[in-house]
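Welcome! Try each one yourself before reading its solution.

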Amino acid sequence: MDSTDIQVLDTVLEWQALTPERRYALITVAATWGSSPRPPGAWAAIRDDGMVVGSVSGGCIEDDLILRVRDAAFWSKRTAVLQYGGSSEEAQRFDIPCGGKLELVVETAPDAASLRLLRLRIADGLATARTLALASGNVMLENAAMGDPLVWKPTDANARLTTIHGPTLRLLLIGAGQISSYLAPMAQALDYRVTVCDPREEYRLGWKLPGVNLIADMPDDAVTAFVPDARSAIVALTHDPKLDDMALLEALRSAAFYVGALGSRANTAKRKQRLREHFDMSEAELARLHGPVGLPIGSRTPPEIALAILADLTATKNGVYLVAAGDTPHRAVALGHPTTA
């Protein structure tokens with residue numbers, strides 16, 4: 001569940017507390033075909049006065065939804081299914097890109113108690129399946145695993161929509177230097193929970209970013225304690241082999257979907273040789289290392305390097321192929337799910 005959808009949930013809870021006399025609808029993208037600005041599972045909420053939070057289309061559909069909420073008939077059913085982009089005329093009218101089509105599920109009276117419980121579970125880091133029964137509007141919350149698919153069964157006798165909510169991505173940065181100071185807030189904006197590890201006191205004393213867990217553990221201990229999983233990324237940024245290599249020893253053998261290290265091509269080759277010869281790392285483990293870390297965009301300054309790293313993280317998470325000039329193509333892996341060419 002990304003930060004925009006958490007914002008929707010938090011705003012809805014605020015509306016419930018501060019303006020209980022207002023009605024609002026919770027709208028979920030259930031399915032998309034072709035090009036679509038927002039993925040299945042994305043949320044928006046619209047209040048009966050037209051106030052909107054979140055997005056189900058990047059702005060293509062929201063104006064029409066605002067018109068709908070001003071019609072009393074909109075509120076006559078507890079749930080409804082809306083389709084947009086079914087024809088070329090409709091796609092043009094709503095400015096849906098590339099012939100896309102989307103199906104929305106509308107809840108005009110969302111269960112307040114279940115939404116509050118869902119928010120508590122998200123805060124506790126619990127992956128949760130939220131299942132809406134369309135006939136009754138009732139909601140059931142169950143434990144889930146991140147990576148479980150959205151389930152949309154509109155034609156079943158018991159039509160239902162199950163969306164997965166819960167832990168955000170996690171990022172462990174080794175080194176509390178300048179690059180980390182730019183990368184950490186960028187990553188937070190993309191829903192990473194960020195931990196920065198640096199055993200060097202002089203670097204920790206200068207760290208001032210809020211919302212980042214700063215620890216003084218040795219890097220190998222920090223990676224072990226981090227318990228990397230398929231939603232975890234680890235990036236070594238100290239440029240000190242004594243620290244970075246310690247982290248990589250554990251990270252490259254973990255389930256983290258992304259492991260990177262700062263350094264030139266020459267330094268990366270030397271690092272791989274050290275890890276191979278002195279620590280018996282396999283070629284498969286070494287091949288997981290993103291080094292030099294980040295996309296090759298000519299970055300030189302700390303913020304540019306941070307941007308390149310985050311772009312590479314995003315591409316890998318989304319499972320795309322990345323080929324730099326002169327490089328051999330490699331297949332990225334999206335949270336444990338291989339892509340196809």
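**Exercise 1.** What covers the buried residues of H9? Keep in mind that this is a predicted model.

*Solution.* 
- Start with the helix itself: H9 spans residues 265-279 and has 15 residues. From first C-alpha to last it reaches 20 Å, close to the expected 21 Å.
- Next, pick out its buried residues, those under 20% relative accessible area. They are Thr268, Arg271 and Leu275.
- Looking down the axis of H9, you find these buried residues within an arc of 60 degrees, so they line one face of the helix.
- Now see what lies over them: the cover includes helix H8 (241-251) and helix H10 (283-287), along with strands E14 (258-261) and E15 (289-290).

**Exercise 2.** What is the order of the strands in the open sheet of five strands?

*Solution.* 
- Follow the antiparallel pairing across the sheet to read E3-E2-E1-E5-E4.
- Check the edges: E3 (52-54) and E4 (79-84) each pair on one side only.
- Neighbouring strands are turned by 20 degrees against each other on average, direction ignored.
- Zoom in on one pair: five bridges join E1 (residues 24-33) to E2 (residues 43-47), and Tyr24 has Arg47 in E2 as its bridge partner.
- Finally, find helix H2 (residues 62-69), which packs on the sheet and touches E1, E2, E3, E4 and E5.

Note on methods:
Residues numbered from 1 in each chain as written. Predicted model: local features only at pLDDT ≥ 70, side-chain atom pairs only at ≥ 80, totals over all residues. Heavy atoms only, no water. Helix = DSSP H or I, 4+ residues; strand = E, 2+ residues; numbered from the N terminus. Expected span 1.5 Å × (residues − 1). Buried < 20%, exposed > 50% of the residue type's maximum accessible area, 1.4 Å probe, protein only. Arc of directions from axis to C-beta. Contact = heavy atoms within 4.5 Å. Pairing = 2+ DSSP bridges. Axes fitted to C-alpha atoms, helices over the stretch in contact; angles between N-to-C directions.
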